[in-house]
Amino acid sequence: MLTQHQEKPSILPQITNFAILGILVLLYAPLIHFWFDGWISKNISTEHEYFSHGIIGFPFAAYLIWMNRKQWVRLPDKTHVLGAILLALGGVFYLSGVGEWVNLSFPIILTGLCLWLKGVKGLKLQGFPLLLILLATPNSLPYLIAPFTLPLQSFIAGTAGFIVNQFGLDAVVDGINIYVNQRIVEVAPYCAGLKMLFTTIYVGLILLYWTETLSSRRKSVWFLSIAVILSVTANIIRNTLLTFFHGTGNDGAFHWLHDSWGGDLYSACMLLVLIPAINWIDSYFSEDSEINLEDEVQ
């Protein structure tokens with residue numbers, strides 16, 4: 001009588017995965033805690049506060065990686081040389097001690113691990129979560145583009161001043177400054193709506209992925225374009241309200257909307273508008289496709 005012996009699955013890959021996870025936790029748990037504490041408490045640098053959408057993005061990316069775990073295991077082990085290069089680069093960045101480089105080492109090392117363990121297929125599988133992590137990793141991009149926001153600042157100041165004048169207040173616009181009742185409101189680079197714009201695009205990408213619309217280039221372009229318009233419009237309205245409050249001496253309302261939780265509430269309400277917007281985009285283009293299909297059949 002012949003007996004068949006089934007090979008037991010090796011526990012080595014599991015040990016390796018837990019070891020990698022443990023190393024990542026030891027290296028980056030303090031850093032991520034620092035980011036979240038800064039975003040929530042608002043005691044982080046102004047440039048890094050632009051990436052506070054990571055409060056949403058990092059948990060969602062972790063959720064997607066967890067949901068992809070079975071597909072990840074089924075992928076064949078395949079090492080890509082670019083993975084080793086990225087791991088080495090990420091290690092150098094981390095050991096450099098430079099804050100900017102240490103931050104960027106996180107997405108670099110994660111990308112390198114995907115390529116080193118599962119090759120290009122692994123990178124494709126985890127591509128969107130890695131994109132979310134990269135776009136939420138604090139860096140100096142806002143600082144670099146701040147000098148180029150002057151036209152946007154002037155446009156916002158001019159529009160806000162015009163609207164305030166329609167309500168009977170004598171507003172004078174001088175460049176990026178709005179003078180109302182001998183009070184001045186400056187549309188500074190960090191008041192130009194870049195933070196809201198970054199957050200809007202980021203949340204828009206999440207909604208496109210969640211609704212499985214990201215694969216449609218036409219829907220994605222239209223939705224993100226509308227999202228940008230909504231963001232700029234919302235920021236103009238916010239600066240108009242700030243000008244009105246400051247010009248009429250309502251300092252409590254000004255600080256509530258500018259410095260306190262009122263700004264967060266305003267941003268949250270603006271982001272909620274994206275949900276009906278993406279539903280409309282999806283419905284509109286679906287109906288358009290059906291009409292084109294009927295015309296082809298006829």
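**Figure 1. Phe285 as a buried ring in an aromatic pair.** In this predicted model, F285 has a relative accessibility of 5% and counts as buried, because the limit for that class is under 20%. The search of the whole structure finds 20 aromatic pairs. W222 and F285 form one that is tilted, with 6.0 Å from centre to centre and 55° between the planes. W222 belongs to helix α11 and F285 to helix α14 (residues 274-297), so the pair ties together parts that are 63 residues apart in sequence.

**Figure 2. Other contacts of aromatic rings.** A cluster linked by ring pairs contains Y28, W35, F36, W39, F58, Y94 and F106. A separate contact involves a charge and a ring: the charged end of R69 sits over the ring of W66, 4.0 Å from the ring centre.

**Figure 3. The largest pocket and its lining.** The largest pocket holds about 1,400 Å³ of space. It is lined by 34 residues, and N17, I20, L21, I65 and W72 are the closest to its centre. Helices that each supply at least two lining residues are α1 (12-41), α3 (54-67), α4 (69-74), α6 (99-125) and α7 (127-135). The biggest contribution to this lining, 13 residues, comes from α1. By residue class the lining of the largest pocket has 25 nonpolar, six polar and three charged members.

**Figure 4. The second largest pocket and its lining.** About 880 Å³ of space lies in the second largest pocket. Its lining has 28 residues, with K42, E49, K195, D264 and S267 nearest the centre. Two or more lining residues come from each of α1, α2 (46-49), α3, α10 (194-210), α11 (217-247) and α13 (261-272). Among these elements, α13 gives the most, with five residues. The lining of the second largest pocket divides into twelve nonpolar, ten polar and six charged residues.

**Figure 5. Helix α13, seen on its own.** The end C-alpha atoms of α13 are 17 Å apart, which agrees with the 16 Å that its twelve residues should span at 1.5 Å a residue. G262, G263, Y266, M270 and L271 are the buried residues of α13. In an α-helix, residues three or four places apart point the same way, because there are 3.6 residues a turn.

Methods. Residues are numbered from 1 along each chain as its sequence is written. This is a predicted model: local features need pLDDT of at least 70, side-chain atom pairs count only at pLDDT 80 or more; totals for chains, interfaces and linings use all residues. Side-chain values use heavy atoms; hydrogens and water are left out. On a 1 Å grid over the protein atoms alone, a cavity is a set of points where a 1.4 Å probe fits but cannot get out, and a pocket is an open set with protein on both sides within 12 Å along at least five of seven lines; lining residues have an atom within 4 Å of a point. Grid points are joined across faces, edges and corners, and a volume is the space filled by probe spheres set on the points. Helices (H or I, at least four residues) and strands (E, at least two) are DSSP runs, numbered from the N terminus. Ala, Val, Leu, Ile, Met, Phe, Trp, Tyr, Cys and Pro count as nonpolar, Asp, Glu, Lys and Arg as charged, and the others, Gly among them, as polar. The expected span of a helix is 1.5 Å times one less than its number of residues. Buried means under 20% relative accessible area, exposed over 50%, partly exposed in between (1.4 Å probe, protein chains only). Rings of Phe, Tyr and Trp (its six-membered ring) pair if their centres lie within 6.5 Å; planes under 30 degrees apart count as stacked, over 60 as edge-to-face and the rest as tilted. A charge sits over a ring if NZ of Lys or CZ of Arg is within 6 Å of the ring centre and within 35 degrees of the ring normal.
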